[in-house]
Amino acid sequence: MNVILLHGWPLSERMWVPQVTALRKAGFEPLVPHLYGRGSSIDGWAAQLLRDYDGAFVAVGASMGGYCALALARRAPERVVGMVLVAARAGADTFDRRRQRDDQIAALRARGVPPELETDDTAEDLAVAQVAMRDRLDLSGIVASFGGPLLVCIGDQDDTVSVEESRELAAGALRGSVQIFPGGGHFVSVEQPDQFNAVLLEFLSQWQT
C-alpha cells in the first residue's frame, strides 16, 4: 500500500525521514512530495499529486499537509482509502487567522525568510503556501462523508490546534478516532517520532496482507 506523506509549513518533506524508514521496514511504499512551488491553491496541489501518483493510497498530512490530504479526498475519494490528519482542521480559516496569514505573507515578502525557520525554500514559495492555506475551502463535509478510517493526531501542548478541536474533527467522521500525544506540540511526528511511528503503523496495519 502506498502512503503519501504531506508536510507542514514551514517544514519540507524532510520532516518525514523517521516515518519513511519505519514505513519501508513495515512493507509500505512511502511517497513524499514537496508541496512548495505548486501554485497558490491547495486544491490545485491535490490535482497535481493525483496526476503524479497512481493507484490508491493512505494520506498522512501534518497541518498544511492535512489540508492537502482533505483536498485529495475531495477530488478522488475512491483513491484515498484512509487518512491521518496531524494538527489540522477541516474548516476554512477564521477572519482573525486570515489576518494573521496576511501579516506573515507581507513579512515574508518584505523581509525574506527569518533565519529561525531553517529552510531551503524561498520566501515567495513560503508566502504562496500561506496564501493557499488562507484561501482553502471548508472541507468539513469531506470529513463527514469520508468512507475510510480517519485518525486525528494531536499534541496536548499544541498552541495552534486544540485537543478539543481534534476530538470534534474525529467525532465528525464516519470512522474517526483521535490519538493524543502527551507533551507533544504542533509537529508530533518530528518531536516524538517513535511514539508517532507506533501509532501510524498500528493504524496502517489494517492494510497489511
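Serine 63 is buried, its relative accessible area being 10% (buried means under 20%, exposed over 50% and partly exposed in between, with a 1.4 Å probe and protein chains only). The model is predicted, so local features need pLDDT of at least 70 and side-chain atom pairs count only at pLDDT 80 or more, while totals for chains, interfaces and linings use all residues. Residues are numbered from 1 along each chain as its sequence is written, and side-chain values use heavy atoms, leaving out hydrogens and water.

**Backbone exceptions**

- Most residues other than glycine have a negative phi, and most peptide bonds are trans.
- Serine 63, not a glycine, has a positive phi of about 55° and sits in the loop between β3 (57-62) and α3.
- Glutamate 118 is not a glycine either, yet has a positive phi of about 50°; this residue lies in the loop between α4 (95-111) and α5 (123-134).
- Glutamate 118 counts as exposed, at 73% relative accessibility.
- The peptide bond from tryptophan 9 to proline 10 is cis, with omega near 5°, and proline 10 belongs to the loop between β1 (2-6) and α1 (17-25).

**The sheet**

- Six strands make up an open sheet with parallel pairing, in the order β2-β1-β3-β4-β5-β6 (strands are DSSP runs of E, at least two residues; helices are runs of H or I, at least four; both are numbered from the N terminus).
- β2 (29-31) and β6 (176-181) are at the edges with a single partner strand each, so one side of each has no neighbour in the sheet (two strands pair if DSSP finds at least two bridges between them).
- On average, neighbouring strands of this sheet are turned by 20° against each other, direction ignored.
- β1 and β3 pair in the parallel sense over five bridges, and leucine 5 stands opposite valine 60 in β3.
- α3 packs on the sheet and touches β1, β3 and β4 (80-86), its direction making about 160° with that of β4 (contact means heavy atoms within 4.5 Å).

**Helices α2 and α3**

- Helix α2 (residues 42-52) packs against helix α3 (residues 64-75) at an angle of about 65°, with the axes 8 Å apart (axes are lines fitted to C-alpha atoms, for helices over the stretch in contact, and angles run from 0 to 180 degrees between N-to-C directions).
- That angle makes α2 roughly perpendicular to α3 (65 to 115 degrees; under 35 is roughly parallel, over 145 roughly antiparallel and the rest oblique).
- Residues making the contact include Trp45 and Leu49 of α2 and Tyr67 and Leu72 of α3.
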